[in-house]
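Work through the exercises below with the model open. Each task is followed by its solution.

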Amino acid sequence: MDDLALAILLTAGPLGATDVIYFHLWKFRLFERPESVKEELTHIGRGVLVPVVTGLLLLGHPSGLWFWAVAALFAVDALNTLLDVMVEPASRAPRIVPPAELAVHFVGTTLMGAAWAVFMVAGWDARNGPTAIVPRGESFLPGWSLGLGY
């Protein structure tokens, strides 16, 4: 079941990339707006956190301190998302965040929360195990899909 967290992350990744590439870089060119620096920093933070979590889960099943490290990365991402929501209105003033972008944010945040919850529930027994990333065995994910994260 802990592969489900990985599958959710592999779904959320392209959605987040679409948000950044289409809305932030192409449509609104937020990198050119001094008012948008804080928002862009939150997205850079997510651009580091999510690939690290996804990469660790692609390597295998975190156990012991690795379990807690991944859980902490999910928590930092949640805090980062909260900061993003708080700075976004000022970043876009006098305009608003368009409904399509808000929908992308809502779905992305829901997917990240779901991935975190699945990771915690599915991996809970590993929290006190030996510190390791246990290589994955059988998975419901097709073998070719695991290479997409590399």
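Buried means under 20% relative accessible area, exposed over 50%, and partly exposed in between, with a 1.4 Å probe and protein chains only. The model is predicted: local features need pLDDT of at least 70, side-chain atom pairs count only at pLDDT 80 or more, and totals for chains, interfaces and linings use all residues. Residues are numbered from 1 along each chain as its sequence is written, and side-chain values use heavy atoms, leaving out hydrogens and water.

**Exercise 1.** Find the aromatic pairs and describe two that are stacked.

Step 1. Apply the criterion: rings of Phe, Tyr and Trp (its six-membered ring) pair if their centres lie within 6.5 Å; planes under 30 degrees apart are stacked, over 60 edge-to-face, the rest tilted.

Step 2. Searching the whole structure gives nine aromatic pairs. Phe-23 and Phe-28 are stacked, 6.4 Å centre to centre with 15° between the planes. Both Phe-23 and Phe-28 are buried.

Step 3. Phe-67 and Phe-119 are also stacked, at 4.9 Å centre to centre and 20° between the planes. Phe-67 lies in helix α3 and Phe-119 in helix α4, so this pair ties together parts 52 residues apart in sequence. Helices (H or I, at least four residues) and strands (E, at least two) are DSSP runs, numbered from the N terminus.

**Exercise 2.** State whether Phe-67 and Phe-119 are buried or exposed.

Step 1. Phe-67 has a relative accessible area of 0%, so Phe-67 is buried.

Step 2. Phe-119 has 3%, so Phe-119 is buried.
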